[in-house]
Amino acid sequence: MNNETQLPLAGVRVVDFGQQMAGPAVAMVLADFGATVIHVDPPEGPQWDHPANAVLNRNKSCIRLDLKQEAGLNRALALIKQADMVIESFRPGVMKKLGIDFRQLRAERPELITLSIPGFASNDDLRKEWKATEAVVAATCGAFTDMGFNRVLMGVNPSFSPLPLGSSYAVSLAASSAVLSLFEREKTGRGDSIEVPVVAALMEGLSYNSYVVEGLPDRYKTMREEEIEDRKTNNIEMDLTYDQLQEYLDPFYRTYECADGRMFYCVCPSHRNHAKRALKLLGIYDELVNEGLPEVKDLHMPIAEWQGETSIGVYPLPKKWADIISAKMKKTFLTRTSEEWGRLFGEGQIPGAPHRTTQEWVNDEHTNVSGLIVEVDDPEYGRMKQCGPIAWLEDIAEDMLAPRPRRNVSYEEALRELMTVAAEEDVTRPKGTDIQPASGRGWLEGIRILDLTNVIAGPHSTAFLSRFGAEVIKLDPVTPLYDPLIGTLFTFQTGVSKQSALVDITSIEGREAFNRLVRSVDMVVINAPERQMKPLGLDHESLQAVNPGVLFCRLDCLGGPRRGPRTDYIGYDDIIQANSGIMSRFGGPATPEEHAHLGTLDVNCGFAAGLGMAVALYRKHKTGKASRARTSLSAVTNLAQAPFAFDYAGRAPFNEPSGREALGNHELSHFYHTADGLIFIDSNLSELDKLEQMEGLQGIAQAGDIRGFLSEALSKAPAEYWVTALRDAGVAAAVPMAIEELRSTYCREADGTPGTDQGSFAFSTYRNHPSGHIVTQVDHYSIRPTEAAIRAFRPTERFGHSTRRVLSNVGYTETEIDSMIERKIAGLGWGKEFLPS
């Protein structure tokens, strides 16, 4: 590979001490982008003995060292001396106890970057010593008890999900921070010491489940919420069956059976055009109009001022029209197979997809052709299908699609590899006495971003980067396309710290304003399929003609590094959940159900886009080359399913825990009732001796029915007794928490700080929110550098609040701006109220 096409992180040297998923996966992401990675396991091998390690350690050279022995420690320190970055994922303080003191190492070599990914935060005195398995972190964060309205109505609580959401969010966040610290180092010569607790990453990932808007108007309540309130008020049991539950779902946000007996997920609420296209494709639009289906022209007006009771594009629809539309849609979907509907919806630019399993996803033509799934010749498993990169740059994407299989090497070979790469490095950063002192600034101070995105994934990416000091201009159309629930309420999360401007860029004058804005920024971001780029003037040649050197990032639904049969299909988080097997696993193959966390994939797609943008910034600073960063919902679903999203000859069955009755991975990793509540134990057969020695659990090693034994034994004492005893014995356990409980316990009045000093949980209440409501949100607190600053977010502005300022900053006079607003070239708002009532 010549210098023109060299991968952007070539020359960066990483020593990876990570175990389980998060640490190794961060190093995998860096290796996918070209970093040289030495992975270090303990003498007995990886803590997590799993085929997924073949994926997590691709592109790495793997060795084993005993850090508890002087010889092993000295070898580890020798490797670190040749490294730019060190990654670890143990409990806080473990590396220092082993003799690897990051503070001391950075004092000796200030250019070193250290990255720690503990389960719980190092400043969480209560939990930092807990054995933080994936499930224990999830249980502590409310991930198993806040599983959505469906589970509430079916009376299912808690629910278990084997998706490693905490680690998947932590991977994207930590990898982004690693690259941003490299970007900063190019300017100053200084590294940083960064911590990204998995617990904080998970809370940021669950942000759409945890924010509260006091006095939220009734128009935003779904049929499910209304039914929950009614049942609570009238003391009616929550006992809906799966089939009964379907009738409380919006017709444009539910599953339908098809002619082949398989299920199809239709997801096009809140967008007037998508819903109308769906009804026309199904052949029922005209008959609905003839039956009196109203159409409201401006959905952002208060409901009291509407001309009719509802409209296509309203979410949620009132029950009367939801029932009428659903009945017609159910009949029509039975006329074709799920595969036929998938093609018709995709080609018709309508969000929808057939439900499929993870095994089908991994072996699907589109995922394999597009590079969402790659093939690697692993030394243990042979030809293996693995997840593709979670982010990439367009011009070097092809070079990321042939990963080198993991390889076991000697210590001498590993050291020689690092030294060889170091000798060949073209050092472009300050070194030695030129290294600057810590500035206390954010990694992205001075970077300007033009944000053209909508819904969740796209706008979440730029909101994510704002914490590092980036200035973000959010540009929206003068006339909204989305209903206020998605178009406005979601922006309470995605619009933070941004300047909001409304401009019609389809007009000649609006296009000139757009071009001026492009010339004023470093990066342009959009979420849209590739086919829209040239018409919008967002292809590489058009953008570079406006602003040579400007960077670009694009997110979409089904895109991969290469084109595939479904590349141009549009869709949302739910589409990929259905198509990639998440819903079939969560609800069960016969009764698929949306994974309960709103934005399950969306949020991480935003984080992955942040990673892509960070790589593009680093590459441009180092080489001058302008890149186009890419990611997709499909790329990050593979990360969320890392323990399952692979295949090879002789692979064990795809039989991970699924369905509403699943309460754990197996009998030793499971929810159990105690005398006063539930606990989650996350153990395994290797720990039976530890359990056997605990008072009250003697005999478990000989028990034929371990689940029955534990059910009986644990019921005899309170939950707090058991979790304390289990932790003291070295067994992972947690009392499941609810997000509401965490929010009430760890919330403070917004004080202008980011919450990184608050421990594992941090929420802020904004009493003067621009919406006029009191809003409580989780802080942007998961990334914790020692030297760089993290900025607390500003609450989301009303749409168009900064239109005048933004246009003035690119040269428009007040008279010109007034004229543009009068002629609807620009706008100052979408309705009478920020959040319409």
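Q: What is the arrangement of helix 28 and helix 29, and at what angle do their axes cross?
A: Helix 28 (residues 602-623) and helix 29 (residues 633-640) have axes that come within 9 Å and cross at roughly 105°. Angles of 65 to 115 degrees count as roughly perpendicular, under 35 as roughly parallel, over 145 as roughly antiparallel and the rest as oblique, so helix 28 is roughly perpendicular to helix 29. Axes are lines fitted to C-alpha atoms, for helices over the stretch in contact, and angles run from 0 to 180 degrees between N-to-C directions. Helices are DSSP runs (H or I, at least four residues), as are strands (E, at least two), numbered from the N terminus.

This is a predicted model, in which local features need pLDDT of at least 70 and side-chain atom pairs count only at pLDDT 80 or more, while totals for chains, interfaces and linings use all residues. Residues are numbered from 1 along each chain as its sequence is written, and side-chain values use heavy atoms, with hydrogens and water left out.

Q: Which residues make the contact of helix 28 and helix 29?
A: D602, N604, C605 and A608 of helix 28 meet L633, V636 and L639 of helix 29, where contact means heavy atoms within 4.5 Å. By class they divide into five nonpolar, one polar and one charged. Nonpolar covers Ala, Val, Leu, Ile, Met, Phe, Trp, Tyr, Cys and Pro; charged covers Asp, Glu, Lys and Arg; the others, Gly among them, are polar.

Q: Why is helix 20 called oblique to helix 28?
A: Helix 20 (residues 457-466) packs on helix 28 at about 55°, with the axes 7 Å apart. That angle makes helix 20 oblique to helix 28. On the helix 20 side the contact uses A457, H460, S461, F464 and L465, and on the helix 28 side D602, V603, C605, G606, F607, A609, G610 and M613. These residues divide into eight nonpolar, four polar and one charged.

Q: Why are helix 1 and helix 8 called oblique?
A: The axes of helix 1 (residues 22-32) and helix 8 (residues 165-188) come within 9 Å and cross at roughly 45°. The two helices are therefore oblique to each other, and the crossing is right-handed. A22, A25, V26, V29 and L30 in helix 1 meet S167, A170, V171, A174, A175, A178 and V179 in helix 8. This contact has 11 nonpolar, one polar and no charged residues.

Q: How many cavities of 30 Å³ or more does a search of the whole structure find?
A: The search finds eight. A cavity is a set of points on a 1 Å grid over the protein atoms alone where a 1.4 Å probe fits but cannot get out, and lining residues have an atom within 4 Å of a point. The largest cavity holds about 110 Å³ of space. It is lined by 14 residues, the closest to its centre being E184, R190, A438, S439 and E787. Its lining has four nonpolar, five polar and five charged residues.

Q: What kind of peptide bond joins N157 and P158?
A: The bond is cis, with omega about 5°. P158 lies in the loop between helix 7 (149-153) and helix 8. Y315 and P316 are also joined by a cis peptide bond, with omega about -5°.

Note on methods. A crossing is left-handed if the near helix is turned anticlockwise from the far one by less than a right angle, and right-handed if clockwise. On a 1 Å grid over the protein atoms alone, a cavity is a set of points where a 1.4 Å probe fits but cannot get out, and a pocket is an open set with protein on both sides within 12 Å along at least five of seven lines; lining residues have an atom within 4 Å of a point. Grid points are joined across faces, edges and corners, and a volume is the space filled by probe spheres set on the points.
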